[in-house]
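I opened the notebook to record what I looked up, one entry at a time.

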Amino acid sequence: MDFLMSGLAACGACVFTNPLEVVKTRMQLQGELQAPGTYQRHYRNVFHAFITIGKVDGLAALQKGLAPALLYQFLMNGIRLGTYGLAEAGGYLHTAEGTHSPARSAAAGAMAGVMGAYLGSPIYMVKTHLQAQAASEIAVGHQYKHQIFPPQSWKLALVAAMTSGIAVVLAMAPFDVACTRLYNQPTDAQGKGLMYRGILDALLQTSRTEGIFGMYKGIGASYFRLGPHTILSLFFWDQLRSLYYTYTK
């Protein structure tokens with residue numbers, strides 16, 4: 001569970017921070033092995049880079065490399081935090097007297113970090129190649145021409161839908177739990193709920209009593225239910241749009 005929850009948490013954060021990764025990658029490659037003042041600065045600062053990428057490459061370019069980034073975060077953080085959690089649960093972070101050992105904690109953290117970084121490095125390389133891809137007028141660094149799927153491929157739509165399914169489940173799971181409990185609670189003679197006053201009260205009571213994990217109960221079942229629904233909905237929507245524009249031209 002530590003592996004799964006830490007990996008999913010990192011993936012949820014990655015959806016929002018990936019645009020910053022794209023900007024960071026471009027700015028770090030700008031002027032590679034060139035003396036200051038001898039190259040054109042396409043990106044003057046973070047905000048200028050956001051605007052430039054959005055204008056020239058399109059807003060979707062700010063999420064370039066999202067698929068390998070999600071896989072990297074799930075694998076690296078799942079291994080790193082999951083391994084450390086296992087060490088903590090196994091009592092390896094404490095001395096024979098039962099006191100916490102900073103040295104053992106540091107060693108366990110370092111070992112977990114090395115394992116996660118080593119296994120995630122190949123995926124990080126692919127992510128970097130994809131995030132560096134840009135239109136010729138704002139390109140920096142070496143431009144790899146990776147293309148996982150051809151344009152307008154149904155596989156591209158399927159992968160995008162699978163990615164969005166993860167984000168939807170992570171965002172909606174707490175509200176789904178609260179709704180299920182609201183609908184299932186006992187009521188008085190007037191039909192008023194006896195356990196929760198509303199959705200906010202259900203969320204607060206659940207988090208206070210059961211902790212953050214209580215808000216994500218049944219997340220696996222939620223994904224296998226909502227994930228395929230989201231995937232198929234977006235997939236069929238994309239294909240129907242493609243067919244419509246093909247036969248109406």
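**Cysteines**

I began with Cys179, which has 28% relative accessibility and so counts as partly exposed, since that value falls between the 20% and 50% cut-offs. I noted that the model is a predicted one. Next I looked up Cys14: at 5% relative accessibility, Cys14 counts as buried. I then searched for disulfides and found 0 in the structure. A disulfide is a covalent bond between the sulfur atoms of two cysteines.

**The chain as a whole**

I counted the secondary structure elements and got 7 helices and 0 strands. Written in sequence order, the pattern is α-α-α-α-α-α-α. The chain has 249 residues, and 33% of them count as buried. For the accessible surface I noted about 15600 Å², with 66% of that belonging to carbon and sulfur atoms. I also looked at contacts between residues at least 6 apart in sequence: 68% of these join residues at least 24 apart.

**Nonpolar cores**

Which residues make up the largest nonpolar core? I listed 10 residues: Val22, Val23, Tyr43, Ala49, Ile53, Ala61, Leu62, Ala134, Ile138 and Val140. Helices α1 (2–29) and α2 (46–56) each supply at least two residues of this core. Apart from it I found another core of 6 residues, including Cys11, Cys14, Val15 and Ala69.

Setting aside residues up to four places away in sequence, Ala134 touches Arg26, Asp57, Lys64, Ala139 and Gln143.

**His42**

I located His42 in the loop between α1 and α2. Is His42 buried or exposed? His42 has 14% relative accessibility, so it counts as buried; the cut-off is under 20%. The side chain of His42 reaches the backbone oxygen of Glu137 at 3.2 Å. Leaving out neighbours within four places in sequence, I found His42 in contact with Gln30, His48, Thr52, Glu137, Ile138, Ala139 and Val140.

**Helix α6**

I checked the length of α6, which has 12 residues (199–210). At 1.5 Å a residue, α6 should span 16 Å, and its end C-alpha atoms are 16 Å apart, so the two values agree. Its buried residues are Asp201, Ala202, Leu203 and Thr206. After α6 comes Gly211, and I noted that the phi of Gly211 is positive, near 80°.

Methods. Residues numbered from 1 in each chain as written. Predicted model: local features only at pLDDT ≥ 70, side-chain atom pairs only at ≥ 80, totals over all residues. Heavy atoms only, no water. Core = buried A, V, L, I, M, F, W, Y, C linked by side-chain atoms within 4.5 Å. Buried < 20%, exposed > 50% of the residue type's maximum accessible area, 1.4 Å probe, protein only. Helix = DSSP H or I, 4+ residues; strand = E, 2+ residues; numbered from the N terminus. Contact = heavy atoms within 4.5 Å. Expected span 1.5 Å × (residues − 1). Disulfide = S-S within 2.5 Å. Areas by Shrake-Rupley, 256 points an atom, 1.4 Å probe, with all protein chains shown as cover. Polar contact = N/O pair within 3.5 Å; in protein donor to acceptor, adjacent residues only side chain to side chain.
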